[in-house]
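These are my notes from looking through one model, entry by entry. I began with a single residue and then moved on to the sheet and the core.

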Amino acid sequence: MPALHRRDLLAVLTGLTAFGFGAVDAWAKAPAPKSVKKPTPPPRPKLVFLDPGHGGKDPGAQGVRGTQEKAVVMAIARELQRELQAGGRYRVMLTRSSDSYVALRERVARAQAAKADLFLSLHADSHDNPDVRGASVYTLSEAATDREAAALAARENRADAVVAGLKLADKDDNVARTLVAMSHRGTVNDSRRLAETIVQGFSRSGVRLLPRTHRQAGFAVLTSPDIPAALVELGYLSNPQDEKLLTVRQHQIALARALRGSVDAHFAASTATRKA
Ligand SMILES: [Zn+2]
């Protein structure tokens with residue numbers, strides 16, 4: 001076994017050098033044979049965490065025809081999971097994989113424990129005015145950009161109050177603390193960039209959008225200091241056309257493809273920034 005012999009010889013030579021045998025010094029300092037070098041492992045596929053909103057005893061928004069938010073966002077999350085996994089470039093995990101209730105802070109904890117590279121929370125909204133329709137994208141902020149975004153964050157954060165006895169008193173503190181940590185680590189800018197990329201992806205794919213569609217507010221589910229995160233409202237279940245579209249497989253696939261394109265663009269841009 002020549003390989004073994006060479007290793008033994010090197011070990012002996014190194015030992016001799018340690019004792020001051022100058023003659024073998026040059027030998028011992030010779031560059032190690034190439035075969036000893038470990039091959040560099042291929043880059044780890046990025047981990048995308050998908051968060052289908054609500055679940056279990058929390059149905060989320062209700063459509064005019066009875067569609068439940070928790071069901072349509074799960075269908076679209078599954079479609080997006082398939083899209084992302086198909087290229088072999090991503091690992092995908094879901095904060096919930098069945099119709100079960102998972103608290104918002106537990107969703108955050110699961111993404112953090114898995115060291116996710118990206119977090120996308122998927123929802124469908126509801127409005128008093130049935131004419132309001134279109135998708136919108138949200139990132140975390142202490143002060144909401146407008147009253148509607150503040151009200152939406154309050155609605156989405158109420159998901160935690162579904163479990164009796166769960167205190168939300170520290171929620172605002174948590175948003176403020178997280179934002180400090182996020183801005184130190186560049187996650188605030190990364191999240192905003194992600195949201196803008198999603199808006200562009202939707203508009204390129206012909207997905208109808210709300211005006212001023214990227215908004216900000218204090219969403220409890222977006223409070224991971226290290227993970228760029230956005231919450232996407234895919235449409236309004238209170239609008240009959242949006243409700244119908246959200247349940248149509250072809251539209252679910254179109255939304256998933258647009259989101260996959262945005263995830264691709266997000267990682268391509270962050271690689272380019274790191275190399276620059
Ligand atoms: Zn929701």
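Does H54 count as buried or exposed? I looked up its surroundings in this predicted model and found 24 C-beta neighbours inside 10 Å, so H54 counts as buried, the cut-off being 20 or more. I also noted that H54 has a positive phi of about 60° although it is not a glycine, and that its place is in the loop between β1 (46-52) and α3.

I next checked R212, which is not a glycine either but has a positive phi of about 45°. R212 is found in strand β5 (residues 209-217), and because it has 11 C-beta neighbours inside 10 Å, R212 counts as exposed.

I then traced the sheet, an open one of six strands in the order β2-β1-β3-β6-β4-β5, with mixed pairing. Since β2 (90-94) and β5 stand at the edges with a single partner strand each, one side of each is left without a neighbour in the sheet. For the pairing of β5 I found strand β4 (residues 135-140), in the parallel sense and over five bridges, with Y138 standing opposite R215 in β5. Helix α5 (residues 147-157) packs on the sheet, where it touches β3 (118-125), β4 and β5, and its direction makes about 65° with that of β5.

Last, I looked up the largest nonpolar core, which has 59 residues, and listed F219 among those with the most contacts inside it. Helix α3 (residues 69-86) gives the most to this core, with seven residues. Leaving out residues up to four places away in sequence, I recorded that F219 touches Y138, L140, A153, E156, N157 and L231.

Technical notes:
Residues are numbered from 1 along each chain as its sequence is written. This is a predicted model: local features need pLDDT of at least 70, side-chain atom pairs count only at pLDDT 80 or more; totals for chains, interfaces and linings use all residues. A nonpolar core is a set of buried Ala, Val, Leu, Ile, Met, Phe, Trp, Tyr and Cys residues joined through C-beta atoms within 7 Å. A residue is buried if 20 or more other C-beta atoms lie within 10 Å of its own, exposed if 12 or fewer, and partly exposed in between; C-beta atoms are placed from the backbone. Helices (H or I, at least four residues) and strands (E, at least two) are DSSP runs, numbered from the N terminus. Two residues are in contact if their C-beta atoms, placed from the backbone, lie within 7 Å. Two strands pair if DSSP finds at least two bridges between them. Axes are lines fitted to C-alpha atoms, for helices over the stretch in contact, and angles run from 0 to 180 degrees between N-to-C directions.
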